[in-house]
Amino acid sequence: MITGRTRHGSGLVAWAFAAPALLAYFLFLVYPAMSSLWFSFTDWDGLSATYNVVGLDNYTNMPNDPVVIQAAINNLIWAVVTVVVPVVLGLALAVALNGKVRGKPILRLLFYTPAVLPLVAVASIWGWLYNPQYGAINAFLRAIGLDSLAQPWLGQDSTALGATMVAAIWLRVGFPMLLYLAALQGISQELYEAATVDGAGRWQQFWHITMPGLRPAHYVVIALSVIDSFKVFDLIYAMTYGGPGTATQVMGTWMYFNVFQYNQAGYGTAIAVVITVVAVAVSIPYVRSQTKEHAA
Amino acid sequence: MTSVAPTAALPEATIAPAGRPPRPQGGAGTTVLMALAALVWISPLVLLVITALRPLSDFVANGPLSWPGSFTFGNFADAWNIGNFANTYRNSTILLVLKVPLGVFISAMLAYALAKLRIRFGAAIMYTVFLGLTIPIYITIVPVFVMARSAGLTDSLIGLIGPYLAFGIPFEVLVLQSFIRQIPDEIIEAARIDGAGAWRIFLTIVLPLSAPALVTVLILDAVATWNEFLFALILLSSDANKTIPVGLLNFQGQFSNNSTGLAAGILIAVVPILIAYTFLQRWIVGGLTAGAAKG
């Protein structure tokens, strides 16, 4: 490998440096992930000492499990909405904050604040806001005369998933905003000045200068948002436990309930394997680009 | 770890606080609009603070949106005791102190090996480690639970350290190795000619020069560790061993009819992270946006 760098040390020394982290990584991430793959081919209940290998049964049974179908659909809706809305809102905020605005650092701080809170705390806050009797959201609707719109947001099928997504959007807008703000600073002001001289309006400047200039940022923002979306667990678990009924069940929560409540560890891990394979497959281009860039 | 921060792995890790030449200020209209939007965005937290500071009777009588007739700190005392926060604070702090420096240190070692040492399969190692960013924690919970049980480490904070380390490593290595890569080889070469070995170079040159990146990953890892939920939920069972997120979940269930107590409890759980974020945001923002502009 010709890198133009002088690398020092013998190979053995390098491995000594790499070993502790690689050991932890393989022991507690790679190995468990592989074991899950194995468990997914068994009928293990999670408790007994023995189990049978059942091949692909757990996987072929999934299409007959209405909850898995619902969870997969919910995951998909969740991914689309909690990627698109925060990215678009985050971009709008970044563009606005990049203009002539006072108090930029404070505004940036406020919009990003929800993102640093524990997901359980975010779930608690929104559960509290959505409370049918004491919640601020229904109180607000009643205060402005829209009593008819007040409802048990998390307690009924028709609104529960949407209500959890609002919480997710709240906490996720800050991240694209930060990345876009950083990226906007890389776009030359001269381009805008030249465009202004040529008589281009604000929208034209946005479409022809800002958007192309942000292309690398779009890629990173969307890739990371998609990866994050597929992992959804904490927020749903802490807000609704997948309910009411199965209205907000996602693959992660359904996996959890199968393993820890219904004693179906084999089936549960199969569900986890499916979502992991999808998540990894979707993110491989991103991981490749990162590796290439860094290793090159 | 928990979602947002650790997956924020970005191309280049030139950790520089955002800054640029001063521009003419103005734009009162946009400023007012953005301030209003920010206020709406932060209103759940504002409401939380106001509610936590008022007596329950006042809240019940006047509703969640009214301005309190009187203020009290009593809710915090109640919430602190009922929510078992003395224990959960202690446990989360112990985990933070044990896990975060260790995780960052071994990640820095791997990052140094990948960036500056002769290591075979470097690209393959990187690919494997970065792939960890995309793996949902829940695919590992069954085997991790089984491993912890056979090692006698269920319901123990120590049992959490291994999984926490593993899920922190991908992001930490991604940021650190791209930062270490930018350290000029001449410095390292000079030290080597003076007879310094790899270990000495790592401790006396690489680590000190990586301080900005180290601070960033330390902070982000601390936030992620403090907020982690799923492993703590499955591995910890007794109240004495629970961490803040798991404790908060139980607390939430008990307090569904006591809005002011619930608000106080949520605040108790998030205040350290809010304070840390306010003071350390420069590094958090720097770490998350590192190099995004360059792509």
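# Reading salt bridges, helices and burial in a predicted model

Mentor: Searching the whole structure turns up 6 salt bridges over all chains. A salt bridge here is a side-chain nitrogen of Lys or Arg within 4 Å of a carboxyl oxygen of Asp or Glu. The model is predicted: local features need pLDDT of at least 70, side-chain atom pairs count only at pLDDT 80 or more, and totals for chains, interfaces and linings use all residues. Residues are numbered from 1 along each chain as its sequence is written, chains are lettered from A and ligands numbered from 1 in the order written, and side-chain values use heavy atoms, with hydrogens and water left out.

Trainee: How do I read a salt bridge? Which side chain does B:Asp221 meet?

Mentor: Side chains of opposite charge can pair when their charged atoms come close. Here B:Asp221 meets B:Lys99, 2.7 Å from N to O. B:Asp221 sits in helix H10 (residues 211-227) of chain B and B:Lys99 in helix H4 of chain B, so the pair ties together parts 122 residues apart in sequence. Helices (H or I, at least four residues) and strands (E, at least two) are DSSP runs, numbered from the N terminus.

Trainee: Are B:Asp221 and B:Lys99 buried or exposed?

Mentor: Start with the cut-offs. Buried means under 20% relative accessible area, exposed over 50%, and partly exposed in between (1.4 Å probe, protein chains only). B:Asp221 is buried at 5%. B:Lys99 is buried at 0%.

Trainee: Which residue does B:Asp185 pair with?

Mentor: B:Asp185 forms a salt bridge with B:Lys116, with the closest N and O atoms 2.8 Å apart. This pair also links distant parts of the chain: B:Asp185 is in helix H8 (residues 185-193) of chain B, B:Lys116 in helix H4 of chain B, 69 residues apart. B:Asp185 counts as buried because its relative accessible area is 13%. B:Lys116 is buried too, at 1%.

Trainee: And what about B:Asp239 and B:Lys242?

Mentor: They form a salt bridge, the closest N and O atoms being 3.2 Å apart. B:Asp239 is partly exposed at 47%. B:Lys242 is buried at 10%. Salt bridges can also share partners: B:Lys99, B:Glu172 and B:Asp221 are joined that way into one network.

Trainee: Helix H4 of chain B keeps coming up. What does the side chain of B:Ser92 reach?

Mentor: Think of polar contacts. One is a pair of N or O atoms within 3.5 Å; within protein, one must be able to donate a hydrogen and the other to accept it, and residues adjacent in sequence count only if both atoms are side-chain atoms. B:Ser92 lies in helix H4 (residues 85-116) of chain B. Its side chain reaches the backbone nitrogen of B:Ile244 at 3.1 Å. B:Ser92 is buried at 4% relative accessibility.

Trainee: How do I judge a helix's span? What is the case for H3 of chain A?

Mentor: Compare the span with expectation, which is 1.5 Å times one less than the number of residues. Helix H3 (residues 66-98) of chain A has 33 residues and reaches 47 Å from first C-alpha to last, close to the expected 48 Å. A:Asp65 caps its N-terminal end, with a side-chain oxygen 2.9 Å from the backbone nitrogen of A:Val67.

Trainee: Where does H1 of chain B bend?

Mentor: The bend at a residue is the angle between axes fitted to the seven residues ending there and the seven starting there. H1(B) bends by about 55° at B:Ile42, and a proline, B:Pro44, follows within four residues. Helix H1 (residues 28-52) of chain B has 25 residues and reaches 34 Å, close to the expected 36 Å.

Trainee: Which residues of H1(B) are buried?

Mentor: An α-helix has 3.6 residues a turn, so residues three or four places apart point the same way. The buried residues of H1(B) include B:Thr31, B:Met34, B:Ala38, B:Trp41 and B:Leu45.

Trainee: Now chain A. How many helices and strands does chain A have?

Mentor: Chain A has 14 helices and 0 strands. Its C-alpha trace spans about 75 × 75 × 30 Å along the principal axes. Of its 296 residues, 56% count as buried.

Trainee: How far apart in space are A:Ala19 and A:Gly99?

Mentor: They are 48 Å apart, C-alpha to C-alpha, and 80 residues apart in sequence. A:Ala19 is in helix H1 (residues 11-39) of chain A.
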